[in-house]
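Please open the model in your viewer and keep the selection tool at hand. The tour goes from one selection to the next, with a short account of what is there at each stop.

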Amino acid sequence: MNDVGFTRGRKEIGRTVGVRAPAKVNLHLEVLRQRHDGFHEIETILQAVSLFDELRVTLIEQYQGGEPDIAMSVDGGDGKVPADETNLCWKAARKFCLDTRLSGRIQIHLEKHIPTAAGLGGGSSDAAAVLVACNRLFRTNLDPGELEIMGAGLGSDVPFFIRGGTAIGRGTGTDLSPLPAVRTGQFLIVKPAFDLKTPEVYGNLKMGLTVNSAKANIRVIRPLLVRFPQKSWPGFNRLEDVVLPSQPLLQRLVLELKQLAPVAMLCGSGSAAVGIFTEGYDLTEIVEEFKEPGLFLKVVGPHAAGVEITDD
Ligand code: ATP
């Protein structure tokens, strides 16, 4: 980088970008095997949905190299989202700076709407949003593929949120291929008050190192996605086998959703679940029936993109 405009290597910027970060649900999640490094190899179909966290990222001052000076504030999240170096947004800003050898004073404000520890990928989406914001603020012009590689170093779900839409994820979920984008359907998301931690759920899987499972047949899935959702959808979430037996409330909610919606399953490792209904189907009564104290309940649509800059 050249030094023009820098005073002793520092440059006042004072520029802010707004970014919205969607949640995801899984339309399929199979665990194929446990790898020797302890991670599980999965095959999953991810779908971005129109439930968004909102972020404002400001580059106050830019300098070259060294540790960035990051400050963070959080609204919402029921006090469960830390505003410090453990937040994935903070980690994303730091990784962006260290990987690009650019640095600066960065301020991140996060407005949380996606329930946490729900399997909705909120933290991962926020991290992807910060990478996209930094790419704009530092004028680095990294392409989506480069941002996905950077994101994979932060968490398995982060790369998906760079492009979002509908995609199949293999490996630990980071090896992504786009699928025809689902554009219709009503996604009823329910989440009981308790949280589930992804590593603990995978830790409860009793899985040998060489389990062979049938892989999703993409040729079968492609045409079904165009007419999604319908009862013949072959997707399922294998993690239900380990989560639901010990969670009677969640088990009841998932069973009710499966009875009512053409497609329904646990979101990732829970504790949210989704029922997906056809466009135009009147959900008023169903939503009323599901209402109970402490339950997060929201109807959203599919989102055919990933994180998006809304304000620059
Ligand atoms: P995944 O399905 O990717 O495992 P999740 O939806 O189950 O994610 P998150 O909401 O991403 O879970 O957050 C899990 C934990 O991560 C929270 O309990 C919180 O302490 C921590 N965390 C760190 N950064 C964030 C963030 N930006 N938003 C929410 N939680 C965060």
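How many residues surround the ligand, and which are the closest? Select the ligand together with its surroundings, and you will find 22 residues around it, the closest being Asn87, Gly119, Gly121, Gly123 and Thr198; here a residue is near a molecule if one of its heavy atoms lies within 4 Å of it.

Before going on, please note that this is a predicted model, in which local features need pLDDT of at least 70 and side-chain atom pairs count only at pLDDT 80 or more, while totals for chains, interfaces and linings use all residues. Residues are numbered from 1 along each chain as its sequence is written, and side-chain values use heavy atoms, with hydrogens and water left out.

**The ligand**

Select Asn87 next: an N or O atom in its side chain is 2.9 Å from a nitrogen atom of the ligand. Then show the backbone of Ala118, where a polar atom is 3.3 Å from an oxygen atom of the ligand, and the backbone of Leu120, where a polar atom is 3.2 Å from an oxygen atom of the ligand. On its own the ligand has 620 Å² of accessible area, and the protein covers 81% of it (accessible areas come from the Shrake-Rupley method with a 1.4 Å probe, and for residues only the protein chains shown count as cover).

Now colour α1 (88–100) and α2 (122–137), the elements that give two or more residues to the shell around the ligand; α2 gives the most, with four residues. Helices (H or I, at least four residues) and strands (E, at least two) are DSSP runs, numbered from the N terminus.

**Ser271**

Move to Ser271, in the loop between β8 (263–266) and β9 (273–277). Ser271 is buried, with a relative accessible area of 0%, where buried means under 20%, exposed over 50% and partly exposed in between, with a 1.4 Å probe and protein chains only. Its side chain reaches the backbone oxygen of Phe194 at 2.6 Å, and a polar contact of 3.4 Å joins the side chains of Ser271 and Lys191. A polar contact is a pair of N or O atoms within 3.5 Å; within protein, one must be able to donate a hydrogen and the other to accept it, and residues adjacent in sequence count only if both atoms are side-chain atoms.

**Glu43**

Finally, select Glu43 in strand β2 (residues 40–64). Glu43 is buried, with a relative accessible area of 1%, and its side chain is joined to that of Arg170 by a polar contact of 3.0 Å.
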